[in-house]
Number of protein chains: 2
Amino acid sequence: MKRLAVALTALFAAAAASAEPQAPPARTPASVLAAAAPGDWATIDPNDLVVMDLANGGRVVIALADPFAPVHVGNIRALARAHWYDGLVIERVQDNYVVQWGDPDGKKPLPPGLTRPAPAEYSRSAEGIPLEPLPYPDSYADRIGLWGAFPVAESGGEAWLVHCYGMVGVGRDVNPDTGTGAELYAVIGQPPRALDRNIAVVGRVLGGMPLLAALPRGQGELGFYARPADRIAIRSLRLATDLPPAERPRYEVLKPGSDAFRAWIEVKANRQDTFFLRPAGALDVCNAMPPVRHVVR
Amino acid sequence: MKRLAVALTALFAAAAASAEPQAPPARTPASVLAAAAPGDWATIDPNDLVVMDLANGGRVVIALADPFAPVHVGNIRALARAHWYDGLVIERVQDNYVVQWGDPDGKKPLPPGLTRPAPAEYSRSAEGIPLEPLPYPDSYADRIGLWGAFPVAESGGEAWLVHCYGMVGVGRDVNPDTGTGAELYAVIGQPPRALDRNIAVVGRVLGGMPLLAALPRGQGELGFYARPADRIAIRSLRLATDLPPAERPRYEVLKPGSDAFRAWIEVKANRQDTFFLRPAGALDVCNAMPPVRHVVR
């Protein structure tokens, strides 16, 4: 198959006819990852992993970001332990915006013990969140960087998770409602940065984005499925720690601050491989989300 | 249906019990568009519209951006007039990256008259592209703004189209190949800004993005469909001017520089409606792409 690919093919001509010494091929993001030391990767705590299995056979795995929304994350853990999401649905797919799941009829009783955060968990103190900073400007914040598996913005001592592709937030009604965690959404398009600091962001989809993002768009208002039959059923939603050990997925993240991570950022911002003529010389926070890998044992 | 929506519901409580005068509801992007004068909209020249009809019944409409890639756009017009794309396929869907269409086997002879641009059309002089500027920083360029229906970046007297969601570019092999226009792609995820100034961007999808973005992701390398049977056939690709007048789609764009456009930008950057507590105070170029509407006669 001929591949006039938009990207990143590794078609280095061997230059066999030349006796000149050849420069080694430039590093690529993929080659930096392949060369990363085992210690540059950190295993994500299974207590922070949510596993959502869909009735269509798909699996979505989400990493929770406790420090940014501890009350909402606690609610999500409680809902998972109560098996509350089981049998509910993906009810909304709005193109270039979000996929949302929960209880479209709002009729399923919530388990006891859920709480609403006060104040709202839309942002937090930047103290205690040591960022691996990106040295490039952001349109919205004084400072951007990475923490754990997550993209973070900072301004005036305040830190918040950024609405990048694949980030997960807590659906809510209008202000001052903050939601419970019984409705969740994942970003499937242009980062909707106007939502930053207006919604509690609780995590990031690590596995299954291609399934969520390829769902048919809803034809109703705001992308809700107009016909209940179009909704995608959730078979189960569990914390990884509540799955039998042999069934727990294992994910690793390239640690921000590790040598390999810094090399990856440098190479992504300054592409020198054959495809590229003009390295960008910069990287935005959503294109700098720490690489994650699924470890199959 | 209960809608704990992530966005923009217009649920203003009537506050019937209060005798206090109520402030008028804050303007929203939608209310600004609804109030725009007819003269704030410009009809897109049908000679700049490409209509791609898929065998599955879907229609994709693309606006061409001649001044940024005149040779490639000329090639695309020639390919359309030769009916060259008819019977070819969407061959690649890579999650969070691009949908690509063309001739995966590279066997279909090209029509005569195609040319390769020299120099490459990856950027151009900023002269002659009067930007409606956005007064916010960008991670990659000195200056960002809008021109026609398109997002544009500028640095050092150079201007280029930005790889936002829905933008269309010319697939190519590695440097110094520039492609012909026989392979095209549309962005379906995070803006891949590292491609800016490394590929000829030729236009923007105005209609049909929900179809393209919801296609199943390819399981082959780089998201190519591993099985030819998975490809989506292109029934026809035409310039709108080559369709019978009654079948030509009509699209209008909110003119950058118009009063309504400036109000829309101001309101998008500073949301005051009930859902929002913390207006962002900024807007990135990909979230500022000029609104477009399909006019059904």
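How many residue pairs are in polar contact between chain A and chain B? The count is 18 residue pairs, with both residues at pLDDT 80 or more. The model on your screen is predicted.

**Stop 1: the two chains together**

Colour chain A and chain B separately and look at where they meet. On chain A, 68 residues are in contact with chain B, and 68 residues of chain B take part in turn. The area buried between the two chains is about 6,200 Å². Carbon and sulfur atoms give 56% of that area.

**Stop 2: a salt bridge across the interface**

Between chain A and chain B there are two salt bridges. To see one of them, select Arg278(B) and Glu158(A) and show their side chains. The N to O distance in this salt bridge is 2.9 Å.

Now select β5 (98-102) and α3 (209-213) of chain A; each supplies at least two residues of the side that touches chain B. The largest share, three residues, comes from α3(A). By residue type, this side of chain A has 38 nonpolar, twelve polar and 18 charged residues.

**Stop 3: Arg172(A)**

Move to the loop between β11 (167-170) and β12 (184-187) of chain A, where Arg172(A) is placed. Arg172(A) is buried but has no salt bridge. Which side chain of opposite charge is nearest to Arg172(A)? That is Asp177(A), 6.4 Å away. Next, show the backbone of Phe275(B): the side chain of Arg172(A) reaches its backbone oxygen at 2.6 Å.

**Stop 4: Phe68(A)**

Stay in chain A and select Phe68(A), in the loop between β3 (59-64) and α2 (70-81). Is Phe68(A) buried or exposed? Phe68(A) counts as buried because its relative accessibility is 4%, and the cut-off for buried is under 20%. Leaving aside residues up to four places away in sequence, Phe68(A) touches several others, including Glu121(A), Arg124(A), Ile129(A) and Trp147(A). Phe68(A) and Trp147(A) are 79 residues apart in sequence, and their C-alpha atoms are 11 Å apart in space.

**Stop 5: Gly181(B)**

Finish in chain B with Gly181(B), in the loop between β11 (167-170) and β12 (184-187) of that chain. Gly181(B) is buried, with a relative accessible area of 0%. Show its contacts beyond four places in sequence: His72(B), Ile76(B), Leu79(B), Tyr85(B) and Val170(B). Then select Pro249(B), which lies 68 residues from Gly181(B) along the chain. The C-alpha atoms of Gly181(B) and Pro249(B) are separated by 22 Å.

Key:
Residues are numbered from 1 along each chain as its sequence is written. Chains are lettered from A and ligands numbered from 1 in the order in which they are written. This is a predicted model: local features need pLDDT of at least 70, side-chain atom pairs count only at pLDDT 80 or more; totals for chains, interfaces and linings use all residues. Side-chain values use heavy atoms; hydrogens and water are left out. Contact means heavy atoms within 4.5 Å. Buried area is the accessible area (1.4 Å probe) that two parts lose on being put together, summed over both. A salt bridge is a side-chain nitrogen of Lys or Arg within 4 Å of a carboxyl oxygen of Asp or Glu. A polar contact is a pair of N or O atoms within 3.5 Å; within protein, one must be able to donate a hydrogen and the other to accept it, and residues adjacent in sequence count only if both atoms are side-chain atoms. Helices (H or I, at least four residues) and strands (E, at least two) are DSSP runs, numbered from the N terminus. Ala, Val, Leu, Ile, Met, Phe, Trp, Tyr, Cys and Pro count as nonpolar, Asp, Glu, Lys and Arg as charged, and the others, Gly among them, as polar. Buried means under 20% relative accessible area, exposed over 50%, partly exposed in between (1.4 Å probe, protein chains only). Lys and Arg count as positive and Asp and Glu as negative; His and the chain ends are not counted.
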